[in-house]
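Hello,

Here is the structure we talked about handing over. Please open it alongside this note and follow the residues as they come up.

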Amino acid sequence: MQKPTSTKDIPQATVARLATYLRVLAMLADDGVLIVSSEELAVAAGVNSAKLRKDLSFLGPNGVRGVGYDVAKLRTRIEDVLGLSGGHRVVLVGAGNLGRALVGYGGFKRRGFTVVGVFDHDPAVVGLPVAGLKVRDVAELAGAVAQLDPTIAVITVPDAAAQDVCDLLVAAGLQSILSFSPSVLMAPETVEVRRVDLAVEMQMLSFERTRNTEPVEQLPVAHAGSGRIARRVPPAAHRALEHTKSSHQPATEPSSSKGSVVTP
């Protein structure tokens, strides 16, 4: 497939949706689906088909008009653009409850992210096994990074220690950092830092719940004298996804800025 002129031309919003398309494509592949139409893929991803086609246009020619997209080929193309084809080695600092849960999550490895090192400063935690890895002292971080050659670092330490850990990772040469600390981390322009603030995400859910439980305005149906009332109904995206997955049978033959912190 033809590659885009430059991945720098792809907008951040499109990159985020490409990750969603990749997840849906992986689900379809697991179900044995070989071909998916733009309409079906768009519904399953929760976007309109025009936006999906525009997003995929950044990847070069992909689908065949009247036929659809080859699930395996499109999945591989998106993985290439997102830099996932070669996989990533990940180190995690902070072996508390959250850190251990992340290391033990098998979904990361299936998507190309392999945790190769876990670090902490607590003597009660250092030396303990976590998902087949031994927790190492954070004092060994610089030397370990040179040995393990990770491409991504994850920070799951208390807020007060997050900046110090970020500084250690930057000094060790890490240029891609994911932080679960709510604090804003300072890093050089050459380092990409993304922040996952769980409290903010729950606040957004709280807002959506409040908005969705507000009384729904009742609108008269446009039929004179019918006396019937029309009500809004929830989106049918989940039902559409099930239809997409079940309607295909196997044939015979998947914004952050430099030195800044972004809450997804």
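Arg75 and Glu79 are four residues apart in helix 4 (residues 71–81), so about one helical turn separates them. Their side chains form a salt bridge, with 3.7 Å between the closest N and O atoms. Arg75 is partly exposed, because its relative accessibility of 25% falls between the 20% and 50% limits. Glu79 is also partly exposed, with a relative accessible area of 23%. Please keep in mind that this is a predicted model.

Salt bridges

The count of salt bridges comes to five. Another of them joins Glu39 and Arg53, at 3.7 Å from N to O. This pair links distant parts of the chain. Glu39 sits in helix 2 (residues 38–45) and Arg53 in helix 3 (residues 49–57), 14 residues apart. Glu39 is partly exposed, at 44% relative accessibility. Arg53 is partly exposed too, with a relative accessible area of 38%.

Arg136 has a relative accessible area of 23%, which makes it partly exposed. For Glu140 the value is 39%, and that residue is partly exposed.

Strand 4 and its partners

Arg136 also turns up in a strand pairing. In strand 7, Arg136 is the bridge partner of Phe119. Strand 7 (residues 136–137) runs parallel to strand 4, and two bridges join them.

How much of strand 4 is buried? Six of the eight residues in strand 4 (residues 113–120) are buried, so the strand is mostly covered, with buried meaning under 20% relative accessible area. Strand 4 also pairs with strand 3 (residues 88–93). That pairing is parallel and has six bridges. Within it, Leu92 stands opposite Val118 of strand 4.

Aromatic pair

The count of aromatic pairs comes to one. Tyr105 and Phe108 make up this pair, and their arrangement is edge-to-face. Tyr105 is partly exposed, with a relative accessible area of 43%. Phe108 is partly exposed at 31% relative accessibility.

Positive phi angles

Two residues deserve a look at the backbone. Ala131 is not a glycine, yet it has a positive phi of about 50°. Where is Ala131 found? Ala131 lies in the loop between strand 5 (129–130) and strand 6 (133–134). Its relative accessibility is 57%, so Ala131 counts as exposed.

Asp149 is not a glycine either, and has a positive phi of about 55°. Asp149 is placed in the loop between helix 7 (141–148) and strand 8 (152–155). Is Asp149 buried or exposed? Asp149 is exposed, because its relative accessible area of 53% is over the 50% limit.

Best regards

Key:
Residues numbered from 1 in each chain as written. Predicted model: local features only at pLDDT ≥ 70, side-chain atom pairs only at ≥ 80, totals over all residues. Heavy atoms only, no water. Salt bridge = Lys/Arg side-chain N within 4 Å of Asp/Glu carboxyl O. Buried < 20%, exposed > 50% of the residue type's maximum accessible area, 1.4 Å probe, protein only. Phe/Tyr/Trp six-rings, centres within 6.5 Å; stacked < 30°, edge-to-face > 60°. Pairing = 2+ DSSP bridges.
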